[in-house]
Amino acid sequence: MDMNFNQHISAQFNADLETIRNKMMTMGGLVERQIAAAIDAICDGDSAVVEEVIRREDEVDRLEVAIDNACTQVLVLRQPAASDLRMVIAVSRVVRDLERMGDEACKIAIHAREYTQSSHSQICQQAIRSMGAEVVKMLTGALDAFARADVSDAVDVVRNDKLVDQQYASALRELITYMMEDPRSISQAINILWILRAIERIGDHARNISEQVIYLVSGTDVRHSSLSEIEERTQQ
Amino acid sequence: MTILKNHDTKGVAFVDDAKLTARHVNVFYGDKQAIFDVSLDVGANEVIALIGPSGCGKSTFLRCLNRMNDTIDRCQVQGDILLDGEPIYDGSMDVVPLRARVGMVFQKPNPFPKSIYDNVAYGPRLHGLATTRVELDAIVEYSLQRAGLWNEVKDRLDAPGTGLSGGQQQRLCIARTIAVDPEVILMDEPCSALDPIATAKIEELIDELRENYTIAIVTHSMQQAARVSQRTAYFHMGQLVEVNPTEQMFTTPEHTLTEAYITGRFG
Amino acid sequence: MTDSSLSTRQKVERSLARRRATETRFHALGFMAVLFGLLSVVVLFGDILLKGSSTFRQTVIVTDIHLDAQFLGLTPRSKEAHIRRADFEGLIRQQLHAAMPTMTEDEARELHRLISIGAAWQLSDWVVENPQHLNQTIRFELLADHLVDQWFKHDRRKGISQRLSDVQLSWLHEWADSGQMYTRFNRLFFTHGDSQEPELAGVRGAMMGTFLTLMVTLVLSFPIGIATAIYLEQFAPARQWINLVEININNLAAVPSITFGLLGLAIFINLFGVTRSTPLIGGLVLTLMALPTIIISARAAIKSVPLSIQEAAYGLGASKVQVVFHHVLPLALPGMLTGTILAMAQALGATAPLLLIGMVAFVVDVPNAISDPSTVLPVQIFLWADSPERAFIERTSGAILVLLGFLISMNTLAVLLRQRIERRR
């Protein structure tokens, strides 16, 4: 018996799964660009970019629906099992997270309009920049881990989420200081707060994607587990 | 591909409350070895599914459990198989009462060319389970009810069993097996000749029978194994590759071969 | 390879005509083969029927007979043995004489020759049953001699005569024209054994012999054959010597039947001292002949019992013997019966082996037990076919018809039995 375990007996099944994965990656790339563009827009104040981000949000939504439908199709027609089943389930969950990230990117872009128009535009710019760069890196890392089915890369992303959370906490403290010093900046600070919050959420979603990578590869469901638990369970 | 040599079975092959215990079972057809060192427990009141590609030895193993292989001349069974701790291949174990305790349902519905009543009554008559006609009637009715066939056939018990539809015939065969009050029921691809509705009925029946009986089922349909069993055992080329709880088997199998078979990469 | 300018469909269509022609040709060939077979059967049966059907009519001459008690020396109270000893032949002669008083001695002798010697026996039989008619005049059908019988049935209308003198012919014409001579159903043929006189020869002896012989064969070969087949199929271990047994059984089926006769002669008669010429020895020899056929067909019938049914019974805890008797045997029985009937039909027609064990003897008495000397139908046919008399030729065909009737009724019985068993399932 000579066989290639990478290939299904049904070539069409192979093709279907491949399509789903590729579409998810395309969507991931799009969301990645959206986030990067939104964060750049805050710092550069480029309103054209803002409009572009808001416009492309629709595209992200459409991709989510299309991929989800494709997943349902495979579930119904092929009754996938084991790794195939985990793949379809993981993709279906990942696109949900990606769509939420897209929403967050859109929110950042909307807030960016007001942020750039205000006089206090220097507040927390450093934090926004570094956190933004960090979450984009996380998303890239999570998608790479998914593509390579690499658990340790996925665990790294989860670890990075911790750092982003810490940055978020310190940025909050900075904001509070501003607000206490100058009550006139409060409305602007709240705006910035929303932006920071959105970036932090994007980090959480990137972490969720990494958790799905762990599920995809090892079959263990690590959602709602602490970092140490995840590290412990992926060691086995 | 992965070469299986002296490997250990992955997963959990042994349970605490074992009804049937197989240890180091080897089966030969003449010079050809069909089963290689299989050790497996079948727990009380559980449904265990045996899956694997054609010719993997799952049916052969199943047929060892009630010594059905005795009827094949060149078949030789080594190792220990115990029913409630008693070795069944021992000289002291008579095959007739053994088969009354470990019943079997076959791939193709095979009712006797007799009436529905006589089909079900055959086993009880054979073993003298009923002394009066009233008792026999009661056994027949109970068995047909357990098999979910009573309402369909109660008005025509004298009609030939072979005149029923495929699904009904298979339920008649199950009723016939139940009629001798076995402890274990072995099923060798019981639905492979049936349509989906009949299959669903049999699967429903298997689920109900689990309260009273221990069931080992060989199936080619992985969906069926997933639906009816609590544990699944995967056989490959005469070896027991993996045994695990069914839900684990179908989401995260441990062995590459199991994974490849379950996901339809060969088989 | 092929003409690539044509599409697949064109190629298929091109080959279609050839295929259809082959099919039609084969169809016609098969039909012709069947037709030839049917025609042969029709010709054969037609010929036999044509030649043999006249056997079932017998010519009689009806005449008034005065049962002269004084002449016969009888009284109405005479015992049967006494009646049988009386000179009825003389009485018939006297009565015929009385009808034609002007006859010379030679003419009288020629007249007597027209009447069978059986006529006197029939008359004495009649008187035994109706002694009260003594001294009365009765109308009695006198059995005609076989020469007369043949002339009346075949030659009269053609205007030829064999071995009959002119004066005899003139009487015959007279009787025939006056309606005194006619044919009636030939009961004798079915109630008498063999005889030197064709008009008195019947197949009853051979029929009884055949029946008894076949009974012996059936009683011996059916149980032995079925038991052997069951053992070989269900119980015998797969060993070398079983193969040997199988090969030998298959070979036996092809052994020329005369060999079985020699075997019977050597073993049953010479070694065990069984009486020759009896249905018992005939049955023993035919059993040897029928066994291989029965065993082979019974084994085939057992093999055709679905394994799934046997497995179902084993699965319920039935023992081997129970499986055999509850399931295998009932399902295989129709096939076994067919094989047995085939073997019986073969035994029915077997002549050669029986010649060797003395069943070719001339037996007048109808056998009543398996130890009585007897002959069988095919041997009787063989004997008659050898006789010079025209009347025996006719009887040969008649006996063949009886044999065929036997065969057809046996086969019908087999079919009915089979249907009955199959319907019971």
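Axes are lines fitted to C-alpha atoms, for helices over the stretch in contact, and angles between them run from 0 to 180 degrees between N-to-C directions. The exercises below use a predicted model.

**Exercise 1. Describe how helix 12 of chain C packs against helix 13 of chain C.**

Solution. 
Step 1. Locate the helices: helix 12 of chain C covers residues 257–271, and helix 13 of chain C covers residues 279–303.
Step 2. Take the geometry. The two axes are 9 Å apart, and the packing angle is about 130°.
Step 3. Classify the angle. Angles over 145 degrees count as roughly antiparallel, and those from 65 to 115 as roughly perpendicular. Helix 12 of chain C and helix 13 of chain C are therefore oblique to each other.
Step 4. List the residues. Helix 12 of chain C contributes C:Ser257, C:Phe260, C:Gly261, C:Leu263, C:Gly264, C:Phe268 and C:Ile269, while helix 13 of chain C contributes C:Ile281, C:Leu284, C:Val285, C:Leu288 and C:Met289.
Step 5. Sort the residues of this contact by class: 9 are nonpolar, 3 are polar and none is charged.

**Exercise 2. Which pair of chains has the most contacts among the 2 pairs that touch?**

Solution. 
Step 1. Set aside the pair that does not touch: chain A and chain C, whose nearest C-alpha atoms are 28 Å apart.
Step 2. Consider chains A and B. Here 15 residues of chain B are in contact with 18 residues of chain A. On the chain B side, helix 8 (222–228), helix 9 (246–251) and helix 10 (256–262) each supply at least two residues. Helix 10 of chain B gives the most, with 4 residues. This side of chain B holds 7 nonpolar, 6 polar and 2 charged residues.
Step 3. Consider chains B and C. Here 15 residues of chain C are in contact with 21 residues of chain B. Helix 14 of chain C gives the most, with 6 residues. The side of chain C that touches chain B has 7 nonpolar, 6 polar and 2 charged residues.
Step 4. The pair with the most contacts is B and C.

**Exercise 3. Decide whether the radius of gyration of chain B agrees with that of a compact globule.**

Solution. 
Step 1. Chain B has 267 residues, for which a compact globule would have a radius of gyration near 18 Å.
Step 2. The value for chain B is 19 Å, which agrees.
Step 3. For the extents, the C-alpha trace of chain B spans about 55 × 45 × 35 Å along its principal axes.
Step 4. For the secondary structure, chain B contains 10 helices and 11 strands.

How values were computed. Residues are numbered from 1 along each chain as its sequence is written. Chains are lettered from A and ligands numbered from 1 in the order in which they are written. This is a predicted model: local features need pLDDT of at least 70, side-chain atom pairs count only at pLDDT 80 or more; totals for chains, interfaces and linings use all residues. Angles under 35 degrees count as roughly parallel, over 145 as roughly antiparallel, 65 to 115 as roughly perpendicular and the rest as oblique. Two residues are in contact if their C-beta atoms, placed from the backbone, lie within 7 Å. Ala, Val, Leu, Ile, Met, Phe, Trp, Tyr, Cys and Pro count as nonpolar, Asp, Glu, Lys and Arg as charged, and the others, Gly among them, as polar. The radius of gyration is taken over C-alpha atoms; the globule rule is 2.2 Å times the number of residues to the power 0.38.
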